[in-house]
Every structure is written in C-alpha cells, then in structure tokens.
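Welcome to this tour! Please open your viewer, get ready to select residues by number, and follow along one stop at a time.

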Amino acid sequence: MSEKSAKQSGTQDGYKRLLPIGRTTRKSVLFADRAADLTITVGGLLVIVAVFGILAFLAKEAIPLFMGGELKKQDTYVLQPMQDVIWTNADEYQTMGLRIGSNGKVDSFHINSGRPLAALELDFGGDTATAVGATNSRGDMMFGFADGSVRFAHIGLETQVLRAEDMPSGLTQIDDDDFTDGSSVYRRIPGNQVRRIAIDAKVMPPEQIAPEGVAIKAIGFALGGTVERPTRSYVSFDADGVGRLTRSETRVNLMTRQETVTTRSSNLPALPAGTLVAKVLLTAQADQVYVGVADGTVQRFDTRDFNNPRLAETARLTPEGAQLGVLGFLIGDQTIVVGGTDGSLRMFFRLQAENAGTADGYKMVLARELDKQPAAIVAYDVSQRRKNLVTLDADGNLWFRHATSEQVLLQLKQDKSGAEAGGQLMLMPRDDGAVAITPAGLVDHWTFNVPHPETTWRAIFGKSWYEGYQEPSYTWQSSSGTDVFEPKFSLVPLIFGTLKATVYSLMFAVPIALLAAIYTSEFVHRKVRATVKPMMEMMESLPTVVLGFIAALILAPIVESWIAAVLLGFIALPMGLMIAAYVWQMLPPSVALRLNGIPKFALMFVVIGLSVWVAAALGPWFEQTFFYGDFKAWTNHDVGTGTPFMGLLLWPLSFVLLTMLFNRTVGTAYRMHVRGLGRQRAGVLDGARWLVMVVLSIALSFGLAMSLTSLGFDPRGGVVDTYVQRNALVVGMVMGFAIIPNIYTLAEDALNSVPSQLRAASLAAGATPWQTAIWVVLPTAMSGVFAAVMIGMGRAVGETMIVVMAAGNTALLDWNIFNGLRTLSANIAVELPEAVIGGTLYRMLFLAALTLFIMTFVVNTVAEVIRQRFRKRAFQL
C-alpha cells in the first residue's frame, strides 16, 4: 500500500471512530424532514396562487368598465298615422309610450308590442300648436299657438304600485308580462305587488303673450327654484321676430298652503331683420338665452339682469358650410349640443375668458367635437341622468354616445331609411333604450344595456374637460349634492396622492431610521442597544387608527398654531446635535470616556429637548424674519417675497458645495494637519472650520436666493403654497413615525450582520469609527438596508387610516406640502361602503385596488433587482 493510500485509510478510520457505532437516522426524522419540505413548497406555491388569484379577481371586477354596449333587441311596428307629431314620452320601465299631435290629440301604445292603448284630446280650444318647449324630464311642457297665446301642460305617465289583490279583473293580456284595461298597463312585480302605468295629463288655460294673431314660432321652457319657491321660466319668439322672457315665481305659505304667484316679463333685444329662429334654449335659472339660427349661428343673451337683457355674444357653432340641425342642452344646462347638417356633433361650454370679446366676459368655447355621422343630424335626445345622448341622422343611423368620454357606445339603424327616417326621438329615462317614431307612424324601439358609459382609458388615466372647468384636467369626484352632477373618475390624482404621501413620509422617516440604525449598531454600548431596539420595535405595534386620530385632532392643530416653530425645529434639531457633537470632541479624553455609554445617550435627549425649546422660543422671531410676520399670508402670496425661504432651501445645497470645494482644494492638507494635533485641539479646530462653513454657506444660499428673486423666481406656488390644516406635512410626520420601526429594525439587523473582521480591518488601517460605518459597514449591508427602505415604502403606499384622518381627503394634483391629498387606499376605504355593487363607482374602486396592486408589484420587483445587485457587490468584498 502506498503512503497516500495509507493516510486516506487512516483518516477514514478516524472518522468512523468519531461517529456513534450502529446509529442511523430514524425514519420518523426523515419523514418529518420530507413533510416539512413538501409543506413549505406547497405553502409557497399556494401563496403565489393566492396572489395571482387576488389579481385575477380584481381584474374580473374592473374589466366590465371597458366593455362596450350591448343591444338586447330591436322592435319595429307601425302605429296609426298621426298628423304632425310634436312630442313623445315614455315611462322609465319602457312599458307605455305616447305621441302628441299639434292638434292636441294624444294616443298611447304598448312599447314592446305596439298595441294601441288609450287616446285623449287636450283642450287646445280648437287651436293648433305651432311651437313646443319642454323640460329634460319631458313631462312638463309649454305649447305656443298661432293666435299668440301659450298653454302650460303636464303630460306624462304616472306609475302606481298596488297590492296584488287590487289588480282589476277582466284585463286583456298584451304579452307575457303586461295586461291592460284599455287605458292602463298592469304588470306583476316582486313582493306580491302590481305596477300600474297610465297617462297623467293636465293643460292650463291659455295666456296671451304676443299680439293677437301673431303666431308663436319658438319656445324655450325651464322649471327651477326650490320646493317652497318653484319658478317657471320661458322665452318665446313670435312670427315678427320679437323675443319675450317671462319668469313666474310661486311662494307657498307653509302654514296655510296658499300660493302667491309673481310674474315678470321683459323683451329681448331685437334680432337682425330676416333672422329665421330654429331653436331657443333657456337655462333653469333663466340667466342665459340661446337662440339658434338656421345657418348655424347662435346668439347668446345675458339675462342675469332680468329687466335689462342684452345680446352678449354671436358665434357660428357649426362647421363652415354646415347648417344647424339640432341645438340643445345636456342635463345641467351647461353643455350646449350643436348638430350640423354635415353630420357633425359639437359641444360648447360657456366659460369666462380674459379676452372673450363679449359683452359679459363669457364665451362659448368648443370643448368637444364628437365623431361625425354619415348624414345630417335631424333629431336628438339627452339623458335625464347622465351625460348620455342619442342622435339620429337623415339616413336613419342612431348613435348612442357619452358626451364626456366622447365615445360612441352603440351604432344602431332604423329599419327604414330615406323618406321614412327621422321624426321624433326619445332616450328612455334609464338610458336603457330608445324610441324613434317617423311621421308615417313607423316605430323603432331599441333595448340595450350600457352600464359604464363614462369610463375609457383616456377618461381614467388622461385629461377630460368637465363642465365648469376652464380646461381639461385630471379630476376625481364621485358624488355631489345635486342630481345634475357628473361623476369624474380619473385615477391620476389618487395615484399622485399615493406617491406624494409616500415621498414625504420617506423623507421624514428614512434619515431618522437609518441614522438611528447606524448609531445603535456601531456606536452605542450593547446595553443601550439592548434597550433601544425593543422599544423601537414596540412602536410598530401602535394602531395606525390611533396615530391618525392623534394626527387629525391633536397634531394638525398644534402644527397650524406653531408652524414657524415646527419649521424651525427641522433646522434646530440637526444643528443642536451637530453643535453637541463638536462640543463632545472638545472634552478631555478622561471626561469623554467617563460619560460614554448611557450618560452620553441621555445627554443626547437633553440636547434634543434644548433644541425643541429653542425652536419654540425663536418661532415668533423666525416667522417675523423669514415670513414677514404671517406664515399663512406669506404662502398665499399676500405678503413678502420668496427670498428668505428660498435661502433656507438652498442652504443645505450651499453647504454641500462648499464642503466639496474645501475637500478638493485644501482638504487633504487640513486632514493631515488635524491628525498631528491632540484630541481637544483637533476638536476645537474642526468645530471652528464647521462654523465658518455654516456661515459661508448661509451667505452663499441667500445670495443665490436674491439672484433668483431678481430673475422672477418664487418658490411659492409649487412645493410651498396655500396652507390647510390637514396636509402632507402632518401626514409625512405621522406616517413617517409609523414606518420608522420597520426601516430601523431591518436596517439595524443588516448592519449587525456585517462580519466584525471587516470593522477590525478598517479600524486597524487607521479609519475612524464613523468612516468605518459609512464606507465599510454600510456598503456591505446595503442590500439589507435597501430592502428595509423598500419595505417601509410598501407600508407607506398601502397605509390607509392615517391618510384618511389626517390628509384632508382632497384629490389634488400638486406637490404643495401644506395642502391635502387622497391616496388610492384611502379612497377605497372612504367610498366603498357607499358604492352600489356592480355600479361604475364600485368597479372603479376595484380598478383603483388593481392599480395599487400593480404599483406595489412593480416597485417591489425593481427593488428586488436593485437589492440583488447590492448583495452581489457585498459578496465581492
């Protein structure tokens, strides 16, 4: 046997002597090991499946927002011809429809089958209506006649819910659901009840408003006011081109229920000779009158001064070469709908403009230009609930659209075209159907479902131009106190608010948490560290709802009252600690060693307390010197300039620049000189150098601030602007307090995991403890430190209660630290309890949750990639 083989045999015999003789691993241990391995593997896979399951569920609830409309059915039938149909109406359940002729005849029919029902004659006194005006609900209307008189009327469909036993006997069955007695329609509904629908018609006596024999050619009619003081306003134009505005206000005595009616009238300025009035619009407040002329020109009259109306603006609203097809309002009377004979459909807002060139300073501004239809627009109707509308062209093409999203939801077509197309058009009250009736009595009835017409990718993530806004904007506002409100579903302000809250909280938390981790890991005594770290970890157990409550009701009012002292505190605290550090260097070594450990740690809190006292004591002086005595007035641009505050903002940058200049010029010589001095003398010299650098940096920063001010730059209006009590500053402080324990604990563990031999090697090479911590320990632990920061960021992104209670819940799009915000998570918490299941808001909240999920996933993925790079670099050390 060779010598090498003998050595290997001896080594193996030695190993055998070290192992227990006859011992093997028990099967139970092997089974438990395999079971644990399988459990961990399956558990990890289930976690992944659960994450993707949540993602799929959120996507499933959000996808219907982007689904188009669905046509359920189209019915076509022919009614008895009626001479000159001037108006139509239907109930919200699409059960009964009615037609009104110019001679006052009203007939009704079953919408689904076309079966004729009751007919009646309105009391027109034998006259023929020459004009009609109606409200958006279609039931209240006004007729003008050839003799110059007008009549008010209510012609609608009344709905009653009866007990099942009150349903009359002997009814005729119309279809599977409906029965009739010849005049009313009955349908059984859940709850052992019956719904009855019948005509409700009432015509008022005539009122003479034009000279006898001068026909009324156009009418605009509107109802307004309140329940106690309803108003009825109308504007009319007669055959002589004379326009009259009339407004009646009814006051109801709540005790006697007696009504007192006050009526006022005034004449509009005369129209140019030969003007052919095609359509008249009147707002509910009777403050604006729009007169459409056949050539596409619209004249706007300002009637806010009722006794002195004036022509404010004349503008052509149709494209060049196109005549006026239709003219009307969307619900709310703010959007003017203009359809042209070229198939165009435009929408205008009345907005205040600097160079409007009009009598009242307002101007009709083109806000939207929707897709053209193949032929001239001949009829239209608008929704009674949303910004939806239907338009019908001369070729029988019916398009169902949403005005704000500018999308065509459905493209339908009448069964007949050419001469049979056009006529009366009505959009059902629930936006789930439409009826078109031709002059010959041909009826097309469409039933469709378009649950989310407002939502498109552009409306959610882009700018939309909403009524009352001067320009397109990103806006979230899901509810309001009025029925004419238009929901606004842009997620951009919520995404921005989430990032804003996260950025400001990290700006507050990261420096404190990381410096605290470095301090307790590298500088304090182990007994101090054993006390500090558990206390920091206990901070994480504080409920965020408690922190939000404290922030909203205690901290926010304090910060508002002491805002100057709070801002000064951000300067006083680091300055106090720096001064204390230089003073510590000047102490004799024996004193410094005796006070090291817990006494030094306690002295640090004394310095913090003194700094806070200084900030509070100098707060009024600070506000007077830098903010001209009133911080809120200063942020509102009411007093002073931005120079003092800009100088404070530029101070850290100036200090860094001077420090870099010093290090690049005389830094090396200075450090070599300091190394040759004793500890106290070196501390005094270094403290003097730091003080000179502070003074020079202040001079430099304020010099730069004055130069920028002379160039017209002002920091107000951006990060600093109008102050509100619940703002991003309060949110940043409290949320930062909440995430400090997360960042501190993980960062401190990462720093402590750095091998001690690296510290020893650095110190042996002559580096100071601070240099060792910054240039050796921190880079080595960077992957863990970065992970700690990203986990803190994830906590900030998903934080809800602090933001709900302390941020003011205002979905704004600005970086102003003194203004509020709304985050995705807070928006979900606030609005989900009020959202109707399956509604647009409900699904938008799921889309917000999906957006937050994706944001977190992307951020964590990027963070993991960066962390792996840091980790790879640390392994190379």
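Helices (H or I, at least four residues) and strands (E, at least two) are DSSP runs, numbered from the N terminus. This is a predicted model, where local features need pLDDT of at least 70, side-chain atom pairs count only at pLDDT 80 or more, and totals for chains, interfaces and linings use all residues. Residues are numbered from 1 along each chain as its sequence is written, and side-chain values use heavy atoms, leaving out hydrogens and water.

**Stop 1: a strand and a loop**

Select T88, which sits in strand β2 (residues 85-90). Is T88 buried or exposed? With a relative accessible area of 4%, T88 is buried (buried means under 20% relative accessible area, exposed over 50%, partly exposed in between, with a 1.4 Å probe and protein chains only). Now show what T88 touches: leaving aside neighbours within four places in sequence, its contacts (heavy atoms within 4.5 Å) are L98, R99, R138, Q424, M426 and I437.

Hop across to R138, in the loop between β6 (129-134) and β7 (140-145). R138 counts as buried, at 4% relative accessibility. Check its backbone too: R138 is not a glycine, yet has a positive phi of about 75°. Most residues other than glycine have a negative phi.

**Stop 2: another positive phi**

Next, select Y628, in the loop between α9 (598-626) and α10 (631-635). Y628 also has a positive phi, about 60°, without being a glycine. At 36% relative accessibility, Y628 counts as partly exposed.

**Stop 3: the core**

Which residues have the most contacts inside the largest nonpolar core? They are L491, I743 and F818, in a core of 93 residues. Such a core is a set of buried Ala, Val, Leu, Ile, Met, Phe, Trp, Tyr and Cys residues joined through side-chain atoms within 4.5 Å. Color helix α13 (residues 728-752), which gives this core its largest share, 15 residues.

A second, separate core has 20 residues, among them I100, F124, M141 and I199.

**Stop 4: helix α6**

Finally, select V546 in helix α6 (residues 544-561). V546 is partly exposed, with a relative accessible area of 39%.
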